[in-house]
Amino acid sequence: MPSRRTVLAATAGLTTALGLGGTAHADDRRLRALISRMTPEEKVGQLFVTRVHGHSATAPDQADIDANVRELGVRTAAELIARYRVGGIIYFTWAHNTRDPRQIADLSDGIQRAALEQPRGLPVLISTDQEHGIVARVGRPATLFPGAMAIGAGGSLSDARTLGRLSGRELRAMGIRQDYSPVADVNVNPANPVIGVRSFGADPEAVAALTVAEIRGYRSAGVAATAKHFPGHGDTTVDSHYGFPVITHSRQVWEELDAVPFRAAIAAGVDSIMTAHILVPALDDSGDPATLSRPVLTGLLREHLRYDGVVVTDALDMAGVRTKYGDDRVPVLALKAGADQLLNPPKLDVAWHAVLEAVRSGELTEERLEESVLRILRLKARLGLLTDPYTDRDLVGRTVGTRAHLATADRIAERTTTLLVNEGPLLPLSPRTHARILVVGADPASPSGTTGPPTTVLAAALTGLGFTATALSTGTAPSAETIERAVTAAGEADAVVVGTYNVTATSPQRTLVERLLATGRPVVAVAIRNPYDVAHLTEVRAYLAAYSWTDVELRAAARVIAGVVEPRGALPVPVRRADDPARVLYPIGHGLTYQPHA
């Protein structure tokens, strides 16, 4: 690894050319001069943000080399940059980019070195989806915070800002300077399969305030936040990864509901906004997804909401943007609609050449191309990439996953756990009266690959609080045999804690809970994803909402169960009756405590 002095010297020529000195900003005149020296291929490359497999920019594992050759036609990140001159790279867990903090920082530095070794080389804007909660690409030992709906339940703008600031510091220390977070969608549909607990809630003003707070936290850490998914993905029953959602909101409903958080984010100076692969006929009746819609991206976002920052598409390998047009047309149409960054096309070679050909043919003007490049370079300049794109190796250890950060995440989580039901009251439980606890329930895969399984985490946390807790994973669809095993085990326990996960009217999880209740043992349910589970299990005497199954939220739920901390969360979404969805079972703001307030 070269010295700090050496890596800074590598960017000296670029810094001098821009006349930046020690400032993190460059005016448009200098950036335009830089653009004027770029080739058409280099300009086109700046628009693309792509995946690349491997933990290293130059020496990935053979399996990752094979994946890169198969998907991208190159062996390594360094070769990718040399061939396509890409302006951005997105990190994924499954691409083996995020093994540990120092490796991530080394990968980031390797990418930047490869970029700056090119003629007229420019630093790469490295990004990831670090929403926290159920979407997190960088796992332990980095700090993992509660997800958006949990933060919505806590209702603290200070906590949202702190999350952004501390998460941003950790990301920047690892060389990641753009985060595709926060989710600014207003989740008004309980059946939403793709947003759900990734949203702060169902109240547009509350979502707006928390979105702004998190954006300000990230900006204070020198990381670009991204409000997503414009024009609003909160009222759909279709996942745009696998289908093409249609949202039937009127223009007035859109203005009063979906647009509110985005308007606030723009006023707060958000660096980037991500598009949604959805159709909103009231905004554009052409049948095109918003990502490819000029009325939506230029008419609404640019002109109506007066946003002039970077517009990044949602991933172009998703089904929602590929149903109407081929992979060669999608990136061109996205640029014509008003997008700047083209995220993760399924076939980079096809997309890159299609955009280049559109420029050469005049379908995309040079002026339009340079408009997007300028926005991207403005963002890189503001983030300090044009003066110092490298990480500080010492800073990684002093910043990522520190004791102070982890403790802060725990304290924030304690303010989010929501007590929905407590008849009797059954909670809190005491080791003196309920020493032996059986923990059963769903064990969905860890979002980051570094946490869980939930039943084990809950049992360990309860054991640490003085109980003798045993974990028995029963899954999201327990079989009759599994249910019998759980019922038998419950006979040896003083109380049962069951983690529920997206319960439906026909879910076998309902049978599991009903059989456990029939044993006569006290049953405490914890909704480890959607809080709507409680509507399907109304016989449960004590029900908590944790909003995610990551460790930080489960530990907080355990502390609430044990009475070590008070439940302080309040529902940020309404829970409607399962038998009569027109009626609200628990309204926004519902949340019980153990002690009556004076």
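Q: Which residues form one aromatic cluster here?
A: Phe230, Trp254 and Phe262 do. Rings of Phe, Tyr and Trp (its six-membered ring) pair if their centres lie within 6.5 Å; planes under 30 degrees apart are stacked, over 60 edge-to-face, the rest tilted.

Q: What kind of model is this, and how are residues numbered?
A: The model is predicted: local features need pLDDT of at least 70 and side-chain atom pairs 80 or more, while totals for chains, interfaces and linings use all residues. Numbering runs from 1 along each chain as its sequence is written, and side-chain values use heavy atoms, leaving out hydrogens and water.

Q: How many aromatic pairs are in the whole structure?
A: A search finds five.

Q: Why is Tyr84 with Trp352 called edge-to-face?
A: Their ring planes are at 75°, with the centres 5.5 Å apart, so the pair is edge-to-face.

Q: Where do the two sit in the chain?
A: Tyr84 is in helix H6 (residues 77-84) and Trp352 in helix H14 (residues 348-361), 268 residues apart. Helices (H or I, at least four residues) and strands (E, at least two) are DSSP runs, numbered from the N terminus.

Q: Buried or exposed?
A: Tyr84 and Trp352 are both buried (under 20% relative accessible area; exposed is over 50%, partly exposed in between; 1.4 Å probe, protein chains only).

Q: What about Tyr501 and Trp549?
A: That pair is edge-to-face, because the planes are at 70°, with centres 5.3 Å apart. Tyr501 lies in the loop between strand S14 (495-500) and helix H20 (508-518). Trp549 lies in the loop between strand S16 (542-545) and helix H21 (551-561), so the pair ties together parts 48 residues apart in sequence.

Q: And are those two buried or exposed?
A: Tyr501 counts as buried at 15% relative accessibility, and Trp549 is buried at 6%.
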